[in-house]
Amino acid sequence: MENIFGTNKRIRLGIWGLGRGSSFVKAAKELNIDVVAGCDFNPLMRDRFTKACPDAFVTSDDKEFLAFKDMDAVLIATFFTGHAEHTIRALEAGFHVMCEVTSFFTPAEGVRVVEAVEKSGKVYHLLENYPFTKESMYLADLWKKGFFGEFMYGEFHYLHDCRSLCYGYNMAGSPPVEPGYQAHHWRSWLNFHYYNTHSLGPVMKITGLRPEKITAFPNAVPLPGYLDDGAMGKACASLIQMSNGGVFRNLTGATTGDNHMGKRLWGTRASAESERHGLYLRIGAGGHTPQVAVEPQWPELGELADSCGHGGGDFWELYYFAREVLTGEPGPWGIYAACDVTLAGIMAVRSSQNGGIPVEIPDFRNKEVREKYRNDNFAQEHFDPAAIFPADCDKELAGRFNSVMLKLIRNAQILRAAFDGSVIWNELRDDAARLAVLKSVTQAEALLPEFFSARKEAEELLAAYPESLAAKPLGEMLALQMPELGASEENLREQLTKIKEKMTK
């Protein structure tokens, strides 16, 4: 039976990296895509994938995976820093490629990826899904019609506190990274400027503009609980000159106020803003003209997209890829647009490390421009996540580190919410706010045994390895949990009981 592309032709897909990669399985079933193979070094990921795709070929060996010829395309969702190498290998093996963000880690890698795509003649798409939420697609359609006029200024942000992902795998339950005396391969150290696509990507696709120059001041203040200097735990802001001369403020990072989709756009005829309470448009081409709330509608297939995860974005990513493979119609995230957004993140890091100087974002469509960056291997320097304890450490003791950190992070957030909520209890505006704080107090009471056992384990690790990289987040999370570090379990329970009595009077 013919499907939405008007053809019975199928795309046989292999997924390389079964953490994030497995989340595409549901959307693939709707889009002429058969998931026929999977590859991951982690047995937990392979087991989960096998349950979802019982007939698929599964392996931990990447060479064996790429030698599997019964597939047409590869979806790459491997470690952040491996995307360029894995993309090139998949293209050279004769496969179309979808790649999770971002496309490469250094400018020199970018040149190699572009040329590999051009040489292969295969379809390449970046898997950046945030431009394909209902709001973003609605704004893009209005922009294309001229509703907003010329782009003047915009502010988008993607704020995501990833502390638990520094120490646990990105899957249900966040099992700790193993071996437990090592941190996550890249989430434990990556500068958040690199992970810029969820905020810059939407403004590029809404306005049709590309980023041309960027400046990013360094931020010296991280959240507690991150390793080393907290590169993954900072608010990373940049200012970007867009190709029409307008300016865009891009904000990524980890803060005490996560918001994955905050956006504000100003055109010469209208403006738009959306934070946590829906989308508003300022119409009438003036600063004091009416501001109206709107309810965006999906384009055709939107309801199907909405059922496939990530606000519909996962569906549309696969839709555009499959459409190009099956019909030849180009999608929105081909290799050159992928280079634009990836290079913006790289150059933001470069600007930040040089005190915020403006840096060009090169256009890799131009072969002469590419040549300037062919040997540019600039990349963030970082600690070795496999060496956060001394080489001769007690593996059994140090092996508790990741599980302890995951407990400390969870406990600290719940305890802080309970105690902080009690401070502002009388000023809370509505029952929903009071219920949220009261729930934190109840959760804190239930977590007390775990809190004290985790604290004991953390103190043992600190005493054994006070000069290790692991000591910093351990000490910070212990200090964050509660003001009275010496409190006993009985004393702390009494404090929570008094808080609860105050709240339920």
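Modeller: This is a predicted model. For a chain of 505 residues, a compact globule would have a radius of gyration near 23 Å, and the protein chain has 24 Å, so the two agree. Along the principal axes, the C-alpha atoms fill a box of roughly 70 × 60 × 50 Å.

Biologist: What percentage of the 505 residues counts as buried?

Modeller: Buried here means under 20% relative accessible area. By that cut-off, 54% of the residues of the protein chain are buried. The accessible surface is about 21,900 Å², and carbon and sulfur atoms hold 51% of that area.

Biologist: How many helices and strands does the protein chain have?

Modeller: There are 17 helices and 15 strands. Among contacts with a separation of 6 or more, 71% join residues 24 or more positions apart.

Biologist: Which residues of helix 17 are buried?

Modeller: Leu-492, Leu-496, Ile-499 and Met-503. They cover an arc of only 55 degrees around the axis, so they lie on the same side of helix 17.

Biologist: Which helices do these buried residues pack against, and which exposed residues does the face turned away from them carry?

Modeller: The buried residues of helix 17 pack against helix 14 (401-423) and helix 15 (431-464). The face turned away from the buried side carries Glu-490 and Lys-498, both exposed.

Methods:
Residues numbered from 1 in each chain as written. Predicted model: local features only at pLDDT ≥ 70, side-chain atom pairs only at ≥ 80, totals over all residues. Heavy atoms only, no water. Buried < 20%, exposed > 50% of the residue type's maximum accessible area, 1.4 Å probe, protein only. Helix = DSSP H or I, 4+ residues; strand = E, 2+ residues; numbered from the N terminus. Arc of directions from axis to C-beta. Contact = heavy atoms within 4.5 Å. Rg over C-alpha atoms; globule rule 2.2 N^0.38 Å. Areas by Shrake-Rupley, 256 points an atom, 1.4 Å probe, with all protein chains shown as cover.
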